[in-house]
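Hi,

Have a look at it first, then read on.

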Amino acid sequence: MKKFKFTLQPLLDLTLSMQEQLQMQMKHNEEILAQLIGELEDLFQQRTNAKEAYLCDAQKGVQADLFKSHAAYIDQYTLMINRQEGRIDSAQRERQKLVLEKTSNYQEIKKLENLQEKQYMQFKAQVKRDEENALGDIISYRIATN
(Lines give C-alpha, C1' and ligand atoms only; values in the text may rest on other atoms or scores of the structure.)
Protein backbone atom coordinates (compact mmCIF):
# COMPACT_ATOMS: atom_id res chain seq x y z
CA MET A 1 0.00 0.00 0.00
CA LYS A 2 1.33 3.42 -0.93
CA LYS A 3 2.01 6.11 1.68
CA PHE A 4 0.35 9.49 1.86
CA LYS A 5 2.57 12.39 0.88
CA PHE A 6 1.31 15.97 1.19
CA THR A 7 2.31 17.77 -1.98
CA LEU A 8 2.89 21.09 -0.18
CA GLN A 9 4.77 19.64 2.82
CA PRO A 10 7.95 21.67 2.14
CA LEU A 11 5.88 24.87 2.13
CA LEU A 12 4.11 23.85 5.34
CA ASP A 13 7.46 23.06 6.98
CA LEU A 14 8.85 26.43 5.92
CA THR A 15 5.77 28.25 7.19
CA LEU A 16 5.96 26.45 10.55
CA SER A 17 9.64 27.35 10.77
CA MET A 18 8.81 30.99 10.05
CA GLN A 19 6.19 30.89 12.81
CA GLU A 20 8.79 29.69 15.30
CA GLN A 21 11.18 32.40 14.17
CA LEU A 22 8.48 35.06 14.54
CA GLN A 23 7.74 33.75 18.03
CA MET A 24 11.42 34.13 18.98
CA GLN A 25 11.49 37.64 17.50
CA MET A 26 8.40 38.57 19.50
CA LYS A 27 9.97 37.24 22.69
CA HIS A 28 13.11 39.26 22.00
CA ASN A 29 11.01 42.34 21.24
CA GLU A 30 9.10 41.94 24.52
CA GLU A 31 12.37 41.69 26.43
CA ILE A 32 13.69 44.86 24.78
CA LEU A 33 10.41 46.66 25.41
CA ALA A 34 10.45 45.70 29.10
CA GLN A 35 14.04 46.91 29.37
CA LEU A 36 13.22 50.21 27.67
CA ILE A 37 10.23 50.78 29.92
CA GLY A 38 12.35 50.04 32.99
CA GLU A 39 14.96 52.53 31.82
CA LEU A 40 12.21 55.12 31.21
CA GLU A 41 10.92 54.64 34.75
CA ASP A 42 14.47 55.14 36.03
CA LEU A 43 14.79 58.36 34.02
CA PHE A 44 11.51 59.66 35.43
CA GLN A 45 12.73 58.89 38.94
CA GLN A 46 16.08 60.58 38.31
CA ARG A 47 14.36 63.67 36.91
CA THR A 48 12.05 63.75 39.94
CA ASN A 49 15.08 63.51 42.21
CA ALA A 50 16.76 66.35 40.31
CA LYS A 51 13.64 68.52 40.67
CA GLU A 52 13.47 67.78 44.38
CA ALA A 53 17.14 68.70 44.76
CA TYR A 54 16.45 71.95 42.89
CA LEU A 55 13.48 72.75 45.15
CA CYS A 56 15.58 72.06 48.22
CA ASP A 57 18.30 74.37 46.94
CA ALA A 58 15.69 76.98 45.93
CA GLN A 59 14.39 77.08 49.48
CA LYS A 60 17.91 77.80 50.67
CA GLY A 61 18.29 80.61 48.16
CA VAL A 62 19.97 79.58 44.90
CA GLN A 63 22.38 81.71 42.95
CA ALA A 64 21.55 82.44 39.29
CA ASP A 65 24.29 80.22 37.86
CA LEU A 66 23.21 77.28 40.06
CA PHE A 67 19.60 77.89 38.99
CA LYS A 68 20.66 77.64 35.32
CA SER A 69 22.66 74.53 36.09
CA HIS A 70 19.65 72.84 37.72
CA ALA A 71 17.38 73.87 34.85
CA ALA A 72 19.83 72.50 32.26
CA TYR A 73 20.19 69.28 34.25
CA ILE A 74 16.42 68.81 34.41
CA ASP A 75 16.11 69.68 30.70
CA GLN A 76 18.68 66.97 29.90
CA TYR A 77 16.52 64.43 31.73
CA THR A 78 13.48 65.63 29.82
CA LEU A 79 15.38 65.21 26.56
CA MET A 80 16.54 61.71 27.55
CA ILE A 81 12.96 60.81 28.51
CA ASN A 82 11.70 62.01 25.12
CA ARG A 83 14.33 59.92 23.33
CA GLN A 84 13.48 56.89 25.44
CA GLU A 85 9.78 57.31 24.68
CA GLY A 86 10.71 57.38 20.98
CA ARG A 87 12.60 54.10 21.38
CA ILE A 88 9.62 52.59 23.15
CA ASP A 89 7.27 53.76 20.38
CA SER A 90 9.59 52.19 17.82
CA ALA A 91 9.70 48.90 19.74
CA GLN A 92 5.90 48.92 20.05
CA ARG A 93 5.54 49.51 16.30
CA GLU A 94 7.92 46.59 15.69
CA ARG A 95 5.84 44.43 18.05
CA GLN A 96 2.66 45.35 16.17
CA LYS A 97 4.35 44.48 12.87
CA LEU A 98 5.41 41.11 14.29
CA VAL A 99 1.88 40.45 15.56
CA LEU A 100 0.48 41.11 12.09
CA GLU A 101 3.12 38.89 10.45
CA LYS A 102 2.50 36.13 12.97
CA THR A 103 -1.26 36.33 12.45
CA SER A 104 -0.86 36.20 8.69
CA ASN A 105 1.57 33.31 8.96
CA TYR A 106 -0.79 31.44 11.31
CA GLN A 107 -3.62 31.84 8.80
CA GLU A 108 -1.33 30.44 6.08
CA ILE A 109 -0.52 27.46 8.30
CA LYS A 110 -4.21 26.78 8.90
CA LYS A 111 -4.93 26.95 5.16
CA LEU A 112 -2.11 24.49 4.44
CA GLU A 113 -3.22 22.16 7.23
CA ASN A 114 -6.79 22.22 5.88
CA LEU A 115 -5.47 21.46 2.41
CA GLN A 116 -3.36 18.65 3.84
CA GLU A 117 -6.44 17.17 5.54
CA LYS A 118 -8.41 17.45 2.29
CA GLN A 119 -5.63 15.74 0.33
CA TYR A 120 -5.43 13.00 2.95
CA MET A 121 -9.18 12.36 2.70
CA GLN A 122 -8.86 12.17 -1.10
CA PHE A 123 -5.91 9.80 -0.66
CA LYS A 124 -7.94 7.55 1.66
CA ALA A 125 -10.87 7.55 -0.78
CA GLN A 126 -8.53 6.61 -3.64
CA VAL A 127 -6.96 3.81 -1.59
CA LYS A 128 -10.42 2.50 -0.78
CA ARG A 129 -11.40 2.60 -4.48
CA ASP A 130 -8.15 0.84 -5.42
CA GLU A 131 -8.78 -1.87 -2.82
CA GLU A 132 -12.35 -2.32 -4.02
CA ASN A 133 -11.12 -2.57 -7.63
CA ALA A 134 -8.46 -5.08 -6.63
CA LEU A 135 -11.01 -7.12 -4.68
CA GLY A 136 -13.39 -6.93 -7.68
CA ASP A 137 -10.61 -8.16 -9.96
CA ILE A 138 -9.87 -11.08 -7.63
CA ILE A 139 -13.54 -12.02 -7.45
CA SER A 140 -13.88 -11.70 -11.24
CA TYR A 141 -10.79 -13.86 -11.73
CA ARG A 142 -12.13 -16.54 -9.37
CA ILE A 143 -15.51 -16.54 -11.09
CA ALA A 144 -13.84 -16.73 -14.52
CA THR A 145 -11.58 -19.62 -13.49
CA ASN A 146 -14.41 -21.68 -12.01
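This is a predicted model: local features need pLDDT of at least 70, side-chain atom pairs count only at pLDDT 80 or more; totals for chains, interfaces and linings use all residues.

A word on naming before anything else: helices (H or I, at least four residues) and strands (E, at least two) are DSSP runs, numbered from the N terminus. With that in hand, α1 is followed by G61, whose phi is positive, near 95 degrees.

Residues are numbered from 1 along each chain as its sequence is written, and side-chain values use heavy atoms, with hydrogens and water left out.

Back to α1. This helix has 52 residues and spans 76 Å from first C-alpha to last, close to the 76 Å expected at 1.5 Å a residue (the expected span is 1.5 Å times one less than the number of residues). Which residues of α1 are buried? Buried means under 20% relative accessible area, exposed over 50%, and partly exposed in between (1.4 Å probe, protein chains only). The buried set is L12, T15, Q19, L22, M26, N29, L33, L36, L40, L43, R47 and A50. A34, also in α1, counts as exposed because its relative accessibility is 52%. Its C-alpha is separated by 9.9 Å from that of A91, 57 residues apart along the chain.

H70 is found in α2 and counts as buried, at 12% relative accessibility. Leaving out residues up to four places away in sequence, H70 touches A50, A53, Y54 and D57 (contact means heavy atoms within 4.5 Å).

Next, the aromatics. Rings of Phe, Tyr and Trp (its six-membered ring) pair if their centres lie within 6.5 Å; planes under 30 degrees apart count as stacked, over 60 as edge-to-face and the rest as tilted. The structure holds four such pairs. One of them is F4 with Y120, edge-to-face at 5.1 Å centre to centre and 80 degrees between the planes. That pair links distant parts of the chain, with F4 in the segment before α1 (9-60) and Y120 in α2 (residues 64-145), 116 residues apart. F4 is partly exposed at 26%, and so is Y120 at 33%. F4 also pairs with F123, this time tilted, at 5.5 Å and 55 degrees. F123 counts as buried because its relative accessibility is 15%. F4, Y120 and F123 form one aromatic cluster.

On to charges. How many salt bridges does a search of the whole structure find? Three, where a salt bridge is a side-chain nitrogen of Lys or Arg within 4 Å of a carboxyl oxygen of Asp or Glu. R95 in α2 and E30 in α1 form a bridge, so this pair ties together parts that are 65 residues apart in sequence; the closest N and O atoms are 3.6 Å apart. E94 and K97 meet at 4.0 Å, N to O, and both lie in α2, three residues apart, about one turn of the helix. K110 and E113 are bridged at 3.0 Å, and they too lie three residues apart in α2.

Last, the surface. L8, L11, L14, M18 and L115 form a nonpolar patch with about 380 Å² of accessible area together. Patches are made of residues with over 30% relative accessible area and no salt bridge: like charges are joined within 9 Å, nonpolar side chains (Val, Leu, Ile, Met, Phe, Trp, Tyr) within 5 Å. Areas come from the Shrake-Rupley method with a 1.4 Å probe; for residues, only the protein chains shown count as cover. α1 gives the most to this patch, with three residues.

Cheers
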